[in-house]
Amino acid sequence: MTTGAAPAGRFAEGGRARSALLTGLLILPAGLWYALLLVAPLAIIVVFSFGVRAKNGGYAPAFTFDNYVTALQRTEPFVNSLVMAGAGTIGCLLVALPLAYFMATRAGSRKNLLVLLLVIPFWTSFLIRTYAWLIILNPDTGVAGWIQGLTGNEKFAILGSPFSVLIGLVYGYLPLMVFPLFVTLDRMDRTLVEASKDLGAGRWSTFRQITLPIALPGLVTGSILVFIPMMGEYVIPAILGYGRYYMMGNALVSSFLEARNWPAGSARAVGLILVMLVTVTFYLWFVNRGRRVREASVL
Amino acid sequence: MTAAVAHDSKSTRDPAAGAGGAPDVRIADVTKRFGSVIAVDRMTLEIASGAFYSLLGPSGCGKTTTLRMIAGFEQPTEGEIFLAGQPVAGVPAYRRNVNTVFQHYALFPHMDVAQNVGYGLRQRGTTKAEEARRVGEALELVRLSGYDQRRTWELSGGQQQRVALARALINHPTVLLLDEPLGALDLKLRKEMQLELKALQREVGITFVYVTHDQEEALTMSDVIVVMNHGRILQMGGPTDLYERPVSRFVADFIGVSNPIAGRLVEVAGGGLGVVETDRGMRLRGRVTDTTASPGVGDAVIVAIRPERLSVEPAAAANTPDGAIVRVAGTINQGTYLGDQTEFRVATELAGELIVRRQNAAGAGSGSGVGPGDPVMVSWHEEANLILVG
């Protein structure tokens with residue numbers, strides 16, 4: 001009995017050990033990647049944020065909360081980033097929802113073509129696409145000039161205003177909102193819409209009660225995908241906003257590269273991460289709470 | 001309470017329309033084209049109140065399109081549809097007092113059972129208390145009490161089916177439309193649900209229009225079966241009518257199985273009787289049920305005989321000549337035991353291969369045993385002969 005069981009046990013153990021080794025090997029590249037490029041830099045930033053600026057710029061070891069105090073004294077970039085990323089997320093949502101709905105339900109055989117058209121801009125550098133908006137919004141060659149002519153207001157300008165930053169953000173991050181929405185809507189069973197109408201709900205009621213709740217996971221994913229990079233956005237406010245609308249990204253660049261005050265920049269970066277964490281957590285809590293309330297309301 | 005009463009009186013059928021004798025659904029000369037494809041071809045049909053109707057036909061015959069036009073998901077290209085006497089052209093699905101049970105149920109995945117069932121009531125602003133009461137009643141009707149808070153994906157196919165039924169019936173529709181709702185269930189459950197659906201229909205008294213391609217399902221449940229093909233109605237009538245007096249070869253073949261014997265009509269007598277001389281020289285008397293082609297003397301026809309109307313016995317035992325009994329000698333090719341019955345395939349000189357079905361009643365089993373290769377006599381009463389244009 002024991003002699004029979006022992007070899008079998010050894011084999012099983014050997015198998016378990018091998019599979020554990022295999023799992024380890026499979027996780028290793030991603031683990032290294034995260035350790036080297038995410039955890040380590042994050043740790044460095046946190047350590048730096050408690051230090052002081054060295055004489056010639058950079059970091060000198062110390063332990064002080066001064067950087068945080070300074071960062072908190074200037075809340076404008078935080079607020080600007082939050083407002084702009086929030087507005088940008090809503091803007092993306094307003095544009096992406098009808099587009100994704102159309103692609104998923106009405107586009108028919110042109111569906112794949114439309115998906116391709118959404119991807120194509122990604123083949124061009126983000127920087128170049130952002131610079132292209134300089135031409136489109138320009139007073140001499142673009143929309144601003146046309147509006148100047150229309151209204152007779154010679155001073156009318158879009159570039160350099162928060163609005164131009166918003167346009168740039170919505171344009172730049174739109175596909176990240178469209179795709180998750182498109183996927184959830186595309187997977188949705190179309191007869192659910194017919195069933196809803198059959199039971200007496202009009203178009204809008206059906207959209208509100210059936211389509212939107214079913215698309216909600218895609219909507220949440222898309223919102224987070226666009227909100228987080230928008231919070232840290234630097235290029236768009238610098239180019240289209242002429243740096244006048246001062247966001248966290250710009251503040252970080254000026255701390256690190258211009259003032260060469262790494263500890264101050266690190267404290268701001270940690271602040272940005274905390275703001276994002278709090279916002280996203282609150283958002284997820286809000287969405288899930290809404291879902292639970294809806295579920296409970298009929299019982 | 002007052003709101004509930006007002007709501008109830010609104011949702012029940014307009015008594016004036018019922019008293020005026022308007023059928024629940026009237027389809028008047030309706031054609032539906034999808035591009036160059038004609039799905040429904042000049043169809044006219046009246047669906048009487050409180051009956052169980054089946055639209056039966058092969059896939060692509062236009063039965064589902066007809067259903068979708070009644071529901072309001074499609075608009076007729078030509079013609080007019082009336083619900084309870086009122087024309088409904090341009091009336092959207094959500095304003096029609098008609099509900100549908102969909103093929104794959106289409107239950108809302110983000111709602112529990114009670115929310116699904118109460119959905120129609122919520123669209124009309126029913127109070128929460130009233131909704132809860134009627135959802136409870138509807139779930140009781142389909143024997144799902146206590147399942148209110150289940151998620152729909154936790155339910156079995158049969159239970160999902162019942163939720164879909166309750167969700168439709170709770171609105172007291174003029175007509176309930178069912179689009180092959182039993183297709184996804186296994187055979188045993190399907191048989192149970194057929195009987196249950198029929199009982200439910202009797203209980204609630206609502207007109208059911210049931211789309212199916214399964215002739216047995218239609219025979220089991222329907223008061224009236226409408227057989228369709230190529231967008232047209234071929235025959236309409238009760239199950240017995242369709243089975244015993246099919247008006248065309250298509251209907252005879254689609255509903256049940258029959259043995260066709262080719263021949264030529266040589267005599268037409270009064271009362272729909274006729275005599276056929278078969279290609280192999282038999283003279284068979286029978287009823288000319290084919291009113292579609294109404295064959296005359298000299299026309300090529302078939303004599304169709306249902307397999308269960310034939311009997312098979314060992315050749316030696318054959319006796320008692322009778323003018324009304326047709327006898328054909330043959331040899332058994334194959335006998336298939338089907339549990340409740342046995343199917344024989346008999347090769348005959350005069351009538352080709354005949355399919356014979358015999359009930360396996362007590363004593364009729366192995367005792368009178370005939371097996372492959374045995375010479376037998378196949379006999380049937382000439383009343384079983386249906387004369388149709390092949």
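At roughly what angle do the axes of helix H3 (residues 76–105) of chain A and helix H9 (residues 203–231) of chain A cross? In this predicted model, the two axes cross at roughly 145° and come within 9 Å. Chain B, which has 390 residues, is assigned domain 1 (2–244) and domain 2 (258–390). The largest nonpolar core has 106 residues, and both of these domains of chain B contribute to it.

**The helix pair in chain A**

- The crossing of H3(A) and H9(A) is right-handed.
- On the H3(A) side, the residues that meet H9(A) are Ser81(A), Met84(A), Ala85(A), Gly88(A), Thr89(A), Cys92(A), Leu93(A) and Ala96(A).
- Their counterparts in H9(A) are Gly222(A), Ser223(A), Val226(A), Phe227(A), Met230(A) and Met231(A).
- By class, this contact of H3(A) with H9(A) comprises nine nonpolar residues, five polar residues and no charged residues.

**Overall form of chain B**

- Ten helices and 20 strands make up the secondary structure of chain B.
- Taken along the principal axes, the C-alpha atoms of chain B fill a box of roughly 80 × 45 × 40 Å.
- A distance of 40 Å separates the C-alpha centres of domain 1 and domain 2 of chain B.
- Of the 390 residues in chain B, 41% are buried.
- Among contacts in chain B between residues at least 6 apart in sequence, 67% join residues at least 24 apart.

**Nonpolar cores**

- In soluble globular proteins, nonpolar side chains tend to be buried together.
- Within the largest nonpolar core, of 106 residues, those with the most contacts inside it are Ile70(B), Ala166(B), Val209(B) and Val226(B).
- Helix H6 (residues 157–169) of chain B gives the largest share of this core, six residues.
- Because domain 1 (2–244) and domain 2 (258–390) of chain B both give residues to this core, the core lies between them.
- Leaving aside neighbours within four places in sequence, Ala166(B) is in contact with Val117(B), Ala138(B), Leu139(B), Leu141(B), Val142(B) and Leu144(B).
- A second, separate core has 42 residues, including Met84(A), Leu97(A), Tyr173(A) and Tyr245(A).
- Met84(A), a member of that second core, is also one of the residues through which H3(A) meets H9(A).

**Where the chains meet**

- The contact between the chains involves 22 residues of chain B and 17 residues of chain A.
- On the side of chain B that touches chain A, strand S6 (98–101) and helix H4 (113–123) each supply at least two residues.
- H4(B) provides the largest share of that side, six residues.
- By class, the side of chain B that touches chain A has ten nonpolar, ten polar and two charged residues.

**Positive phi values in chain B**

- Most residues other than glycine have a negative phi.
- Ala106(B), a residue other than glycine, has a positive phi near 50°.
- Ala106(B) is placed in the loop between S6 and H4 of chain B, the two elements that each supply at least two residues of the side touching chain A.
- Ala106(B) counts as buried because 24 C-beta neighbours lie inside 10 Å, where 20 or more are required.
- His230(B), likewise a residue other than glycine, has a positive phi near 50°.
- The loop that holds His230(B) runs between strand S9 (224–229) and strand S10 (232–237) of chain B.
- His230(B) has 15 other C-beta atoms within 10 Å and is therefore partly exposed.

Technical notes
Residues are numbered from 1 along each chain as its sequence is written. Chains are lettered from A and ligands numbered from 1 in the order in which they are written. This is a predicted model: local features need pLDDT of at least 70, side-chain atom pairs count only at pLDDT 80 or more; totals for chains, interfaces and linings use all residues. A nonpolar core is a set of buried Ala, Val, Leu, Ile, Met, Phe, Trp, Tyr and Cys residues joined through C-beta atoms within 7 Å. A residue is buried if 20 or more other C-beta atoms lie within 10 Å of its own, exposed if 12 or fewer, and partly exposed in between; C-beta atoms are placed from the backbone. Helices (H or I, at least four residues) and strands (E, at least two) are DSSP runs, numbered from the N terminus. Domain bounds come from an automatic or database domain assignment. Two residues are in contact if their C-beta atoms, placed from the backbone, lie within 7 Å. Axes are lines fitted to C-alpha atoms, for helices over the stretch in contact, and angles run from 0 to 180 degrees between N-to-C directions. A crossing is left-handed if the near helix is turned anticlockwise from the far one by less than a right angle, and right-handed if clockwise. Ala, Val, Leu, Ile, Met, Phe, Trp, Tyr, Cys and Pro count as nonpolar, Asp, Glu, Lys and Arg as charged, and the others, Gly among them, as polar.
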